[in-house]
Amino acid sequence: GELTQRGNMPQPIVNGSTAKISALPPGSALKNGGISSMQSFNETQLVFGGLTNGVPTNNEYTFSTQAAPDTITTIATADTIRADKVDLFWNIASPIGATYYEVQVLLDSTANTIFADTVLTDTTVTITGLTPQTEYWWRVRGYNAGGWGVSSIILNFYTDFVTGVEDNGITIPGKFELFQNYPNPFNPTTTIKYALKNASHVRLEVFNILGQRVMLPVNKVMQAGAYEAVLDFSHFASGVYFYTLRSGNFIQTKKMILLK
């Protein structure tokens, strides 16, 4: 016959996939009296047999369970974040690979509320139907014959601005706003988006946890519109930082985490 999974027996794996394993049965088995057939299983080795031409014949198989995929450690949003959709990318599970990936987009950082949950074989997915100017979180995990791997860390992204009034073809945001940086945590670069309702002198400053200013990415007069700044923290130590946007009477501060 064939060997297939029964009860708590490990799933037979051949070349990384579940499979039936061929077996050569003995010619006969004596169940009552004499030399009886033998069948035993200790979770890693299976032995069964009987008599062939009066000679005991046993088949022995040693099993090893398939390990679940490794945790996916590198994930990132693409540069194609829009008001209502986003492209998500991640590395393959390695060295223990995955047959499928499950991607979850979340409405909170604690994963209590799921916005989208999809399973696919690729390492990229486009999520649509998002709300403009909204923060989302997401994570991914792999699956193979050994089961589901551990989910990746949860990262965030912020959808783009709501389409506002156009002035000479330029979209003008309806209010001043500073958005959460992405990715966050980050290493070593991160992007900060902000919206200016009207022209003003703009200062974007970065402070360490002691309140010392360590970076001044923006310090100039800017027209109304939507902007972003890419910050490089290659020469900074891991830790918590704060960034502040000042534009006229508008002041807002947010926290970010550099994790090397």
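Val119 lies in strand β11 (residues 114–120); helices (H or I, at least four residues) and strands (E, at least two) are DSSP runs, numbered from the N terminus. Val119 counts as partly exposed because its relative accessibility is 49%, where buried means under 20% relative accessible area, exposed over 50%, and partly exposed in between (1.4 Å probe, protein chains only). Together with Tyr100 and Trp148, Val119 forms a nonpolar patch on the surface, with about 290 Å² of accessible area. Patches are made of residues with over 30% relative accessible area and no salt bridge, with like charges joined within 9 Å and nonpolar side chains (Val, Leu, Ile, Met, Phe, Trp, Tyr) within 5 Å. A salt bridge is a side-chain nitrogen of Lys or Arg within 4 Å of a carboxyl oxygen of Asp or Glu. Accessible areas come from the Shrake-Rupley method with a 1.4 Å probe, and for residues only the protein chains shown count as cover.

This is a predicted model, in which local features need pLDDT of at least 70 and side-chain atom pairs count only at pLDDT 80 or more, while totals for chains, interfaces and linings use all residues. Residues are numbered from 1 along each chain as its sequence is written, and side-chain values use heavy atoms, leaving out hydrogens and water.

| Partner of β13 | Bridges | Sense | Opposite residues |
|---|---|---|---|
| β10 (residues 100–106) | seven | antiparallel | Leu106 and Trp137 |
| β14 (residues 147–148) | two | antiparallel | Tyr143 and Trp148 |
| β15 (residues 155–158) | four | antiparallel | Glu135 and Tyr158 |

A hairpin through two residues joins β13 to β14.

Elsewhere, an open sheet of three strands has the order β18-β19-β22, with antiparallel pairing. Its edge strands, β18 (177–178) and β22 (225–232), each pair on one side only. Two bridges join β18 to β19 (residues 189–196), and Glu177 stands opposite Ala195.

The average pLDDT (the predictor's confidence in each residue, from 0 to 100) is 78, and 69% of the residues score at least 70. Over residues 1–38 pLDDT stays under 50.

Methods
Contact = heavy atoms within 4.5 Å. Pairing = 2+ DSSP bridges.
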